[in-house]
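Dear colleague,

Please find below the structure that I am handing over to you.

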Amino acid sequence: MTTQGEIGPAVAVRNLEKRFGNFVAVNRIHLEVARGEVFGFLGPNGAGKSTTIRMLCGILEPTSGEGTVAGLNLRTEAEQIKSRIGYMSQRFSLYEDLTVEENIDFFSGIYRIPAEKKAARKQWVLEMAGLVEHRRQRTGTLSGGWKQRLALGCALLHEPPILFLDEPTSGVDPRSRRRFWELIYQLSEQGVTVLVTTHYMDEAEHCDRIGLIYRGELIAGGTPESLREQRDAGELLEVVSDRPADALRELERLPGVRRVSLYGQAMHVRAEPGHALGAELRARLQQGGFQIARIEPVAPSLEDVFVSLVAAYDEAHPAQAEVRQ
């Protein structure tokens, strides 16, 4: 799984768009992904992440736009692209009535693995997935984590230079998710380019770069560190009190407050630029009879950034927000 001899970005698209009738699912996206990079598409369900991935995989034809994947033209060489990529969909693309070994054999045939390489590639998948001792077990009886690793192995049988993972850890336990990301890092170190869609903020933190997709548009992009630096000018305060839902409604009405969001039992309060709100927040909550545990400045998390960018987008595009609801 190397990319030697190939030049240019692994993925490069301009004005990529997909319409379904009058509905714009993906709206003129510009994107470049370097070879060996782990790139994450972060966004809520329905944002356009999966549609974008399917266009890049040659599964869906773009309505307009242009680009290349693995050096191949997205619009005219879609079938050739499929042989140069690995794709793992949201739902495990395994046959649950087949054994682990039978699934690997089946996908070896689909990918036309040469006869002299089949045994070695099968053994690689079994070892990578930790399924050597379960090779004759029916796939439907495997745990979610094992199914996930087997699906990944089957997507990599033909040693593609680019791997697309569409919500690969949805519904999988935290330990399996951690192990899965360790495998992604190993693949990246070997030169494989990985594009992954997720709505988990902690997973997005593991990516080299992130593209924030919302309502079909790529509204921001960069490394996790650079995105956290793209904060609003106003101060961000963490407030912990009793009855947080009631406290949120109280603080939203306070002059100088730009935005309030719940984070578990805490609230993150974004001040308007130039406002120092600490004392005012405390006074308002005390007047309302709330018990205050803590009010202190905090650095923005990736979730803070995402919430801020989404709110700013909706404020700037109220008509689009209404149409997509």
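Predicted model: local features only at pLDDT ≥ 70, side-chain atom pairs only at ≥ 80, totals over all residues.

Residues are numbered from 1 along each chain as its sequence is written, and side-chain values use heavy atoms, with hydrogens and water left out.

Helix α3 spans residues 100-110 and helix α4 residues 115-129; helices are DSSP runs (H or I, at least four residues), numbered from the N terminus. The axes of α3 and α4 come within 10 Å and cross at roughly 130 degrees. Axes are lines fitted to C-alpha atoms over the stretch in contact, with angles from 0 to 180 degrees between N-to-C directions. The two helices are therefore oblique to each other (under 35 degrees is roughly parallel, over 145 roughly antiparallel, 65 to 115 roughly perpendicular, and the rest oblique). Their contact (heavy atoms within 4.5 Å) involves residues including Ile104 of α3 and Val125 of α4.

The axes of α4 and helix α5 (residues 144-155) come within 9 Å and cross at roughly 150 degrees, so α4 and α5 are roughly antiparallel. Among the residues making this contact are Trp124 of α4 and Trp146 of α5.

Isoleucine 110 lies in α3.

The count of salt bridges is 25, each being a side-chain nitrogen of Lys or Arg within 4 Å of a carboxyl oxygen of Asp or Glu. One of them joins arginine 177 and aspartate 202 (2.9 Å, N to O). Arginine 177 is in helix α6 (residues 174-189) and aspartate 202 in helix α7 (residues 201-204), 25 residues apart.
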